[in-house]
Amino acid sequence: MSVAAGLSIKRIAAHQQHAVPLVLLSETARQSALPLLEAMVRESLSHGLRVVAVCLEQVFSADIMRQPEVAPVDRRPLPAQIAAGSAFSLDGTRRIDIGQLRADICAKLEQTGAASTDSGGVLVVIDDLEPLLSVSRTATLALLRAIRSTVSRTQSSRVLARYPRDTTDQRASGGPGASFNTPLVSTMLCSIADAVIDVHHMDALDTWMPGWYSDGRAQPFVSLGDNDGRRGLVRLEHKRPSGKMGYEVAVFEIDERLRPTFTPIKAAAPAAATPEAPAAGDMGATQVPFNLELTEKQRQDRAGVELPYLEAQAGEIYYQLDNEDDWDDEDPDDDLEI
């Protein structure tokens, strides 16, 4: 699979492609998407966007949080709540009021001016959707739709959210805290997202098929010892303005400035095999059951055939002068008065 030099994922990260108000980053237990998420936030800050940082599991890096353009919405459980047992339900899910969270995010957007069509760009970044999905998938989807509707009023504004596709899919398949006969969470999220970026480990390159996409099955948990979050594979699926779906595969790296860089993956085309000349008398697949060669007699007969258009060109042209014609051999252009 060959990806064009003008990668859409590169344009999305640099805010050069605006028709993507909701972007989701999916990860697995082996390959975290958090470093790429934070690198894309830094890229947004470098382009002058204000950021509403929603922290549900962990706070973002200090260099991001200390920026004056960043407005935090911190909903992490407090140590006192964890000690008292009030932060989690009996089944282990977080106790989060999604309605109140939606109101807090909308209030921050009002403060940053995101509701105004003539305001600058705003990025709403959510560190992890899993706590919200464990509480209510319906309320989580409604929250994402509401925020997307608000930020889409300005061209460069966007929602950027991260979720672990292996954990959420396991819950949707009947794991702890899941209800039965529900569609996969990944499918539900992809249906409302404008772009989905799947983050994979570099080891997947050897067996990666360009047309492959996550089938939602839970992946086995592996050790995080080899997890290099600063480098990996990404697969982008995005909805184009024409309604068609676009797909890209690339390698991402976090450079020394902690910004994302993307390199397209180009699969080498198999070398064309040189066909071998068939042996004399061998009726192979490239041969036909009749003779294509001409004998000397056939060549002579073919050369002696006079074609109709050649016969028409062999005649002479006769021209009869009119009464007004003044033919002069010395000055044939006399009638032109030159």
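This is a predicted model: local features need pLDDT of at least 70, side-chain atom pairs count only at pLDDT 80 or more; totals for chains, interfaces and linings use all residues.
Strand 4 and strand 5 run parallel to each other and are joined by four bridges. Within this pair, Val125 has Leu160 of strand 5 standing opposite.

The protein as a whole contains 11 helices and nine strands. Of its 338 residues, 39% are buried. Among the contacts with a separation of 6 or more, 69% are between residues 24 or more positions apart.

Nine strands form an open sheet with mixed pairing, in the order 3-2-4-5-1-6-7-8-9. The edges are taken by strand 3 (70-74) and strand 9 (260-264); each has a single partner strand, so one side of each has no neighbour in the sheet. From one strand to the next, the twist averages 25°.

Arg50 has Val122 as its bridge partner in strand 4, and Ala53 stands opposite Val125 of strand 4. How much of strand 4 is buried? Five of its five residues are, and the strand is thus described as mostly covered. In a regular strand, side chains alternate between the two faces of the sheet. For strand 4, Val122, Val124 and Ile126 lie on one side and Leu123 and Val125 on the other, with both faces covered and all of these residues buried.

Strand 1 runs parallel to strand 5, with six bridges between them, and parallel to strand 6, with four bridges. Leu25 takes part on both sides: Arg162 is its bridge partner in strand 5, and Ile197 stands opposite in strand 6.

Strand 6 (residues 195-200) also holds Val199. Is Val199 buried or exposed? With a relative accessible area of 0%, Val199 counts as buried. Leaving aside residues up to four places away in sequence, Val199 touches Ser26, Glu27, Gln31, Ser32, Ala33, Leu36, Arg165, Leu233, Val234 and Phe252. Leu34 is 165 residues away from Val199 along the chain, and the C-alpha atoms of the two are separated by 9.9 Å.

Helix 5 (residues 98-112) and helix 7 (residues 137-151) have axes that come within 10 Å and cross at roughly 10°. These two helices are therefore roughly parallel to each other. Their contact brings together Ile98, Leu101, Arg102, Ile105 and Leu109 of helix 5 with Ala139, Thr140, Ala142, Leu143, Ala146, Ile147, Thr150 and Val151 of helix 7. By class, the residues of this contact are 10 nonpolar, two polar and one charged.

Helix 7 touches strand 1 (22-27), strand 4 and strand 5 (158-164), and its direction makes about 155° with that of strand 5.

Helix 7 has a further neighbour in helix 9 (residues 185-192): the axes of the two come within 11 Å and cross at roughly 20°. This angle makes helix 7 roughly parallel to helix 9, and the crossing is right-handed. On the side of helix 7 the contact is made by Arg137, Leu141, Leu144, Arg145 and Arg148, and on the side of helix 9 by Val185, Met188, Leu189 and Ile192. The contact of helix 7 with helix 9 has six nonpolar and three charged residues, with no polar ones.

Conventions. Residues are numbered from 1 along each chain as its sequence is written. Side-chain values use heavy atoms; hydrogens and water are left out. Axes are lines fitted to C-alpha atoms, for helices over the stretch in contact, and angles run from 0 to 180 degrees between N-to-C directions. Angles under 35 degrees count as roughly parallel, over 145 as roughly antiparallel, 65 to 115 as roughly perpendicular and the rest as oblique. Contact means heavy atoms within 4.5 Å. Ala, Val, Leu, Ile, Met, Phe, Trp, Tyr, Cys and Pro count as nonpolar, Asp, Glu, Lys and Arg as charged, and the others, Gly among them, as polar. Two strands pair if DSSP finds at least two bridges between them. A crossing is left-handed if the near helix is turned anticlockwise from the far one by less than a right angle, and right-handed if clockwise. Buried means under 20% relative accessible area, exposed over 50%, partly exposed in between (1.4 Å probe, protein chains only).
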